[in-house]
Amino acid sequence: MTMKRITLLAVACLVLGADVWGGMNWGFSAGAGLCVLRQKEVQEVYGSGFPVGAQAWTGWGNWKVSVGFEYLSESGQAVALNGGADEFPLKLKASSIPIALYYQVWMKDMFLAFGGGASYCWYEERWEDLDIVTEGKKWGPLLSFLAGYRLSPRWSVFGNIRYEPMPTGKSSLLVPEVKLGGLKIGAGVMFYL
Amino acid sequence: MKPLRLLIILCLAIFLFSVPRPVALVKISKGTPGLVGILKAHQIDVIQELKTCFLARAERDEMASLRTYGISVSVLDRDSRGNEYFLVPSLSPARLSAVSAAGNLKPVEPNLYLFWTDQGDPLALLPADVERKPLPRSSILPFLKTYTRPESVPLGLKLNDMIPAIINQVSRANLRAYVQGLQDFQTRYSTTANCEAAGQFILGFFQSLGLEAGFQPFTIGGISTRNVVAEIQGETDPEDIVIICGHYDSTSGEAEVSAPGADDNASGVAAVMEAARILAGYPLDFTVRFIAFSAEEQGLYGSHYHSAVAREGLERIIGVVNLDMISYTEDPSEDLDVIVNDASWWLAERAGLVADAYTGLAVRKIVDASFVYSDHSPFWDEGYPALCGIEDANPNNPYYHTTGDTVDTLNFDFFEDAARTALAALSDLAQPVRVGYPRTPAGLEAESATYASAFTAIKNVNLTWQAVSDAAGYNVYRSTYPHLGHVKISSSPVSTAQFTDRALEAGTSYYYAVTAVWPGGLESNFSRQVESPAETARYEQPESGQEAAPVIWRWR
């Protein structure tokens, strides 16, 4: 746990302190997406997810580092495993801080970026009519592909595909390990300082 | 040359693949967390549970798989095909060497050996007075579970005010007369005509009480013998059965001519007969079966046969009270040892609580799956809860298995107390119907509906039972232990014969019973107990809450 905190701190310092290094640019992006191909069992409970988030970017040359914040709030319904007819509404909230290193290439006004990193996720699942709450936090890996188009020197639009499983380390009746994420497809805008 | 070589290789391949792979008899040590789950995940052919280990038949690759979990697996016999195995106790060095000369003898646990022969009849080669327990031929894996046994649990069920009146009818004179009657057959060694006559004597006794009774014949080693079985049908749920039993055969160094077997085990049978005499006059909620087993001394064959038939018929046996040697004591303050396996822990606990409440006889509860030399053990093998009541887990009767085991050596103070305690335990399980109280609700059933979120799961348990005509309502009781620790969960009596217990933890087993209540508040006996078992994971893994084992794909 200490190592993870140190890593998080180091990356934050790297990003936030990056402007002291010459030739580094700052940018920000915001977007929303759809989480598809998550665990089938989780999908049965909550359906597909619609995360929203924002990220800060910096880097030098073709290398970029991003740190962001993403939020997912979903309503669902407990799955009846053996034919019960009752309904139990559920609420899932998951927040994550994705940290990634990208390699970015420009082709005229278009750019492509491939990257990977880790995300720190904390989550809460609540049975709305009952006093049952599950909370937790855990690191997980992420892989991302991003494609964008420069609209002006400061503004770009982008689309991205990201694999972020958001493992929880918790087992349930349905799966050996619950994973709240999956393949995320999103789009957003990017602003450069 | 080349075609010849090819032919040789082909023949060799056919030979190698056609030779059946040896299935070894192995000892699998307990101690690894989640062991039962791992055995289930690998479908290991477990045939015997002991205190510190399991005995199983396993192929080489199965042993290798188990060892990857750090489980200690040792081979007792490399090829178990066709072999019949017997567990035998530790004997004097001279006797041990005599037995080992007759066949193979391997230590399994302290004071426990495995005996088998490569040729010849192992039954004939074992001295008649040596205790033995044949290993089951079929797997006990479906019945294995991991049990959580608390330090102590309150009884949680009501004491029945008829039980003191019932147990006070136990007559010392009757006990003496039954033992004397059985001893008078000179020997009751299973293969003798005297044993047959003793069986007839017991059957005649049961019939004289007006009970449904009969022989249950079976054959061992080409010799036919028979159990004696009698029943009192339950009035509320007759398909729920409580068994009280003891073996009526006897043995000694001169088994064919003289084996009085007063303590071993005319005493146990006498307690069964006295229980039958007294309970014959009482209506009971559940069926009581009285059994005198034969061929116990040869290797528990009578009880093995009966329990296997019960399992095949999917009989609902609540519990088995097996009495074996309950009348000899050197110490006037002797306690009654009650021995159970892990699965039957509640039965010993309940017997202890019942003894405290009704008889005051000290009960020593022993959980020891290696105590296999009596008729409770085949019931364990079939997944039924059973206890053995015995004067001492390590018999100290100097006349044990001798021609000196006669009625004049018995301690009738202790014998009477033990018989009363056994009858109290039996009555507590079978529940005498009380006059002046509501009828016991019959036909209780539980059906669970489980609901799962991503992380957790709950279940609603729907209970239904048959309405009691004059009941003002019903109380519903629940426990997380079988037959113990029930607490009322309905704040006020429910008016219909139906109740749903909501939002329970799906991974926990719950046990329910209901009572009928009259307007004045009088409450009936408890209904039969039903279980809402713990939900297990919907993916392949050992057991809920334990570490997962990999999915095993295997050609069979």
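Visitor: Why are H12(B) and H14(B) called roughly perpendicular to each other?

Guide: The model is a predicted one, in which local features need pLDDT of at least 70, side-chain atom pairs count only at pLDDT 80 or more, and totals for chains, interfaces and linings use all residues. Residues are numbered from 1 along each chain as its sequence is written, with chains lettered from A and ligands numbered from 1 in the order in which they are written. The axes of H12(B) and helix H14 (residues 412–430) of chain B cross at roughly 115 degrees and come within 9 Å. Such axes are lines fitted to C-alpha atoms, for helices over the stretch in contact, and angles run from 0 to 180 degrees between N-to-C directions. Angles of 65 to 115 count as roughly perpendicular, under 35 degrees as roughly parallel, over 145 as roughly antiparallel and the rest as oblique. H12(B) and H14(B) are therefore roughly perpendicular.

Visitor: Which residues make the contact of H12(B) with H14(B)?

Guide: From H12(B) come B:Arg350, B:Ala351, B:Val354, B:Ala355 and B:Tyr358, and from H14(B) come B:Thr421, B:Ala424, B:Ala425 and B:Asp428. Two residues are in contact if their C-beta atoms, placed from the backbone, lie within 7 Å. By class, the contact holds 6 nonpolar, 1 polar and 2 charged residues. Ala, Val, Leu, Ile, Met, Phe, Trp, Tyr, Cys and Pro count as nonpolar, Asp, Glu, Lys and Arg as charged, and the others, Gly among them, as polar.

Visitor: What makes H7(B) roughly perpendicular to H14(B)?

Guide: The axes of helix H7 (residues 172–183) of chain B and H14(B) cross at roughly 100 degrees and come within 10 Å. That angle makes H7(B) roughly perpendicular to H14(B). In this contact, B:Arg172, B:Leu175 and B:Arg176 of H7(B) meet B:Phe412, B:Phe415, B:Glu416 and B:Ala419 of H14(B). The residues divide into 4 nonpolar, no polar and 3 charged.

Visitor: How do you know that E4(A) and strand E17 of chain B pair?

Guide: Two strands pair if DSSP finds at least two bridges between them. E4(A) and E17 (residues 445–452) of chain B have 2 bridges, in the antiparallel sense. Helices (H or I, at least four residues) and strands (E, at least two) are DSSP runs, numbered from the N terminus. A:Val79 stands opposite B:Ala452 in E17(B). E17(B) also pairs in the antiparallel sense with strand E18 (residues 457–464) of chain B, over 8 bridges, and B:Tyr451 stands opposite B:Ile458 in E18(B).

Visitor: Why do E4 of chain A and strand E21 of chain B stand at the edges of the sheet?

Guide: The open sheet has 4 strands in the order E4(A)-E17(B)-E18(B)-E21(B), with antiparallel pairing. E4 of chain A and E21 (498–505) of chain B each have a single partner strand, so one side of each is left without a neighbour in the sheet.

Visitor: How many residues are in contact between chain A and chain B?

Guide: The contact takes 25 residues of chain A and 18 residues of chain B. The chain A side divides into 17 nonpolar, 5 polar and 3 charged residues. Elements giving two or more residues to that side include helix H2 (40–46) and strand E4 (79–80) of chain A.
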